Amino acid sequence: MNIYKKIIISIFVLLFSSWSLSEELILKNAKIHTATEKGTLENTDILIRNGLIVRIGKNLNSSRAKVKDLSGKVVSPGLIATQSQLGIVEIELVPETRDDRSEIYSAGLSIDSAFNPSSTLIPYNLTGGVTLSLTTPSSSGLFSGLTSAFSLSGSLEGSLIRSNIALSANINGGEDSLAAKIQLLEDFLDLSKFVESKSTFDMDDYEFFMPSSANYSMRDLLAINKVANKEIPLIIKANRASDILTLINFAKKKDIDLIIDGAEEGWRVSKQLSKAGVPVILQPIDNIPNSFSELGSRLDNASLLHKSGVKILISSHETHNSYLSRQGAGIAVSYGLPWQEAFNGLTKNIAEVFKLSKRGSIKPGYIADIVVWSGDPLEVTTFVEQVYISGEIIPLKNRSMRLKDRYIGN
Amino acid sequence: MKKLIVLAFVGILSIFQLSSKESEAFESTYKPSESGNIFIKDARILTGTGNEILRGNILISSNKIKAIGKEVVKPLDAKVINAEGKWITPGIIDIHSHMGVYPAPGLRSSSDGNESTSPITAHVWAEHSVWTQDPQMPLALKGGITTFHVLPGSANSIGGRGVTLKNIWSRTVQGMKFPGAPYTLKMACGENPKRVYGGRRNEPSTRMGNVAGYRKAWIRAQGYRNRLMEYESKSEEAKELEYAPSRDLELETLVGVLNGEILIQNHCYRGEEMSVMLDIAKEFNYKVTTFHHAIEAYKIADILAENGVCAAMWADWWGFKHEAFDMVWENAAIVDQANSATGCAIIHSDSAVGIQRLNQEAAKAMSAGNRAGYKIPASRAIQWITLNPAKALGIEDQTGSLEVGKMADVVIWDGNPFSVYSKTEKVFVDGVVLYDKYDPLTPKATDFELGIINSEEDRL
């Protein structure tokens, strides 16, 4: 029996076994925010089979399915946390609980092996409606490191969904000119291409490329090379309007995929961002001119960017309360961003920009990461009532709830 | 014995006189402009006294609330504001702010909140650091903040005096000072002082070092008070023969606490530390007014209620320090409902972002409590950001609720203030509209904001 026959048989066996063991679930009579072009559906059912959404419609039936009546409840795809350190930070001011920084590696830091699915932050943020985290290291140099996508199921095995899918960089802070940092970015991209073009590798041959103070290793160069080859996007923190324009032109010149994180003065260059197709990761709640690079920070930034056609991703930028991205989205709505767009910014837009296939929407064929809410997911008085990850219900219990149960009514 | 008591009494009286002479410096120069008569009609009103008026009117006259209720009639000369479909609350009060002392932009050159050169700096006053042109202040005004309390930071065990300010544009800090508000003293438990000084191999480097430091300071304060009283109890002739005890800025502030004139605002996260602080207050016979950042207040909610101490809390911040690890969403509700709902819960910000929406933070804390089984109405939860902080700052006779005779610090909201979608429409400070959604010239831009985007455009 050749290898192909073996594969075909094993696929058949797999299909058959999954068919016979298939689990079905129908969520009935819910208000569904689909995060698709269909928008919000009233009084609708979702059929889930083997962890996938199979069908969405009225009065769905299946003899094999378990049925949950969700009359009066609101259902949505699980929220996706971006630029968070979920799973790699426990307490910010306790360095020994942090795995989000490195002085050894820069661009090449991949945090996959340090991710802790049992972190107390994971069930806590799940209780807030987050089912997936784009966990990003936060080293303070030019490069912070590589982002990976993790499920918040809490499962010790299998939480990693996609590895090393974006590289983060900082051009603000420190004593060096912003111009020097842009040049250094360019040098790194060029060096990675140069190294790639050579059949043999001797680090000494390439030292003339870089300033002597620029520390890097082969691992770092390989990560940068993925950006240079457009395999992954480069996320750069930037707020000042002129800096954003500089980066748009830089990305065009170097032919790389760019995402701007922050973009507090984005409204001043919204047309250019839109034309270049550069998405932005916003923290809509922050209108403080914290530095001279964000003097134009304002609460209707999200709305103005959207009006120009910029794709908006919304983050809380606060790992412990990653789920509060939804409050930020609500505030953006109160300052003019359409509700559906705000909700897409927490789900669908993030999945699209980071190429997380079959996630971020409630759609046939998509993975059933679903949250059941007591009301409007963007409203501060709304709570999560149930969470499904890949169609499996995840018990909502976290350490904070245990403490509350111990002390309440004392 | 009787003589001694009389002497002590005379002594205390003269200390009061002494401090009143000294307090002529740095007095409030704030005077609101005349509000005229303003009649706000048909609003849904959360009064701050625990009541809700479904459809009521408010009459403002000469900067004060003249009348409130369903039956209030419009005087002929009053300006009318139709607030049908709108909500009204008292002006929001943030009991924990660093606006002005940690202004935006956050630059070292104006980062003036922590005199972190020595763990006991009772002699410094936050008001002497306040930059009145901090662009964070008008943002807070748009969030309904009419009064805020500025504290020194928490690097020090005893950090210095706090100051209560009206949220108005002024060239001087004296022009913002809340008239008649008592001074406060910032103290800090836990990780911050021991991290700052322990990191330099100085005391305190432990929590027990923190506590020893407070007690030593109070012992010195008692000694200073005794010297003052002894001097004041002498006859005029005897006084002429010797010098009065020389002024000591640090000990004057601490004696102000022992005399009940200065209110303790104590940064303290952990339950056991708050309990220790209450014992120190017993040992030296002073009162702790409020524990700030009281992440674990829910663990000792009954003790706080028994002692009449308020807890100022966040709705959901946690995890930035080990002492902030045990947060529960129900914290404020548990504190509020302790001992047959006699607890004093406050929601505070400690943040220029959070101060803009204390209403939403209170909403989160209220709904967490109600989901856990309490029945806390909005009319009570609004007190967490109005009357309760006013009480904890000693200004509840002047502001914090919509009652006849109080300052007309009033907010009109375009919807339920306990919703993420609601915003303020008008904010009155002493009856004067300082923010009006439909008037682009409000709130008044700070000097910093003029021409800062480019020479023609101001920051918003």
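In chain A of this predicted model, eight strands form an open sheet with mixed pairing and the order 6-7-8-9-10-11-12-13. Strands are DSSP runs of E with at least two residues, helices are runs of H or I with at least four, and both are numbered from the N terminus. Two strands pair if DSSP finds at least two bridges between them. Strand 6 (79-84) and strand 13 (312-314) of chain A are the edge strands, each pairing on one side only. From one strand to the next, the twist averages 30°. Strand 13 of chain A runs parallel to strand 12 (residues 280-282) of chain A, and three bridges join the two. A:Val280 has A:Ile312 in strand 13 of chain A as its bridge partner.

Residues are numbered from 1 along each chain as its sequence is written, and chains are lettered from A and ligands numbered from 1 in the order in which they are written. Local features need pLDDT of at least 70 and side-chain atom pairs count only at pLDDT 80 or more, whereas totals for chains, interfaces and linings use all residues.

Helix 9 of chain A lies across strand 6 and strand 13 of chain A, at about 135° to strand 13 of chain A. Angles run from 0 to 180 degrees between N-to-C directions, and axes are lines fitted to C-alpha atoms, for helices over the stretch in contact. The axis of helix 9 (residues 325-334) of chain A comes within 9 Å of the axis of helix 10 (residues 339-346) of chain A, and the two cross at roughly 155°. Helix 9 of chain A is therefore roughly antiparallel to helix 10 of chain A, a term used for angles over 145 degrees. In the contact between these helices, A:Ser325, A:Arg326, A:Ala329, A:Ala332 and A:Val333 of helix 9 meet A:Trp339, A:Ala342, A:Phe343, A:Gly345 and A:Leu346 of helix 10. Two residues are in contact if their C-beta atoms, placed from the backbone, lie within 7 Å. By class, the residues of this helix contact are seven nonpolar, two polar and one charged. Ala, Val, Leu, Ile, Met, Phe, Trp, Tyr, Cys and Pro count as nonpolar, Asp, Glu, Lys and Arg as charged, and the others, Gly among them, as polar.

Between the chains, 34 residues of chain A are in contact with 39 residues of chain B. On the side of chain A that touches chain B, helix 9 and helix 12 of chain A each supply at least two residues, and helix 9 of chain A gives the largest share, five residues. That side of chain A comprises 17 nonpolar, twelve polar and five charged residues.

An automatic or database assignment divides chain A into domain 1 (22-78 + 360-410) and domain 2 (79-359). The C-alpha centres of these two domains of chain A are 29 Å apart. In chain A, 25 residues of domain 1 are in contact with 30 residues of domain 2. Strand 15 (384-389) and helix 12 (399-407) of chain A are the elements giving two or more residues to the domain 1 side, and the largest share, three residues, comes from strand 15 of chain A.

Chain B is assigned domain 1 (31-91 + 401-460) and domain 2 (92-399), with C-alpha centres separated by 28 Å. Here, 30 residues of domain 1 of chain B are in contact with 30 residues of domain 2 of chain B.

How values were computed. Parallel < 35°, antiparallel > 145°, perpendicular 65-115°, else oblique.
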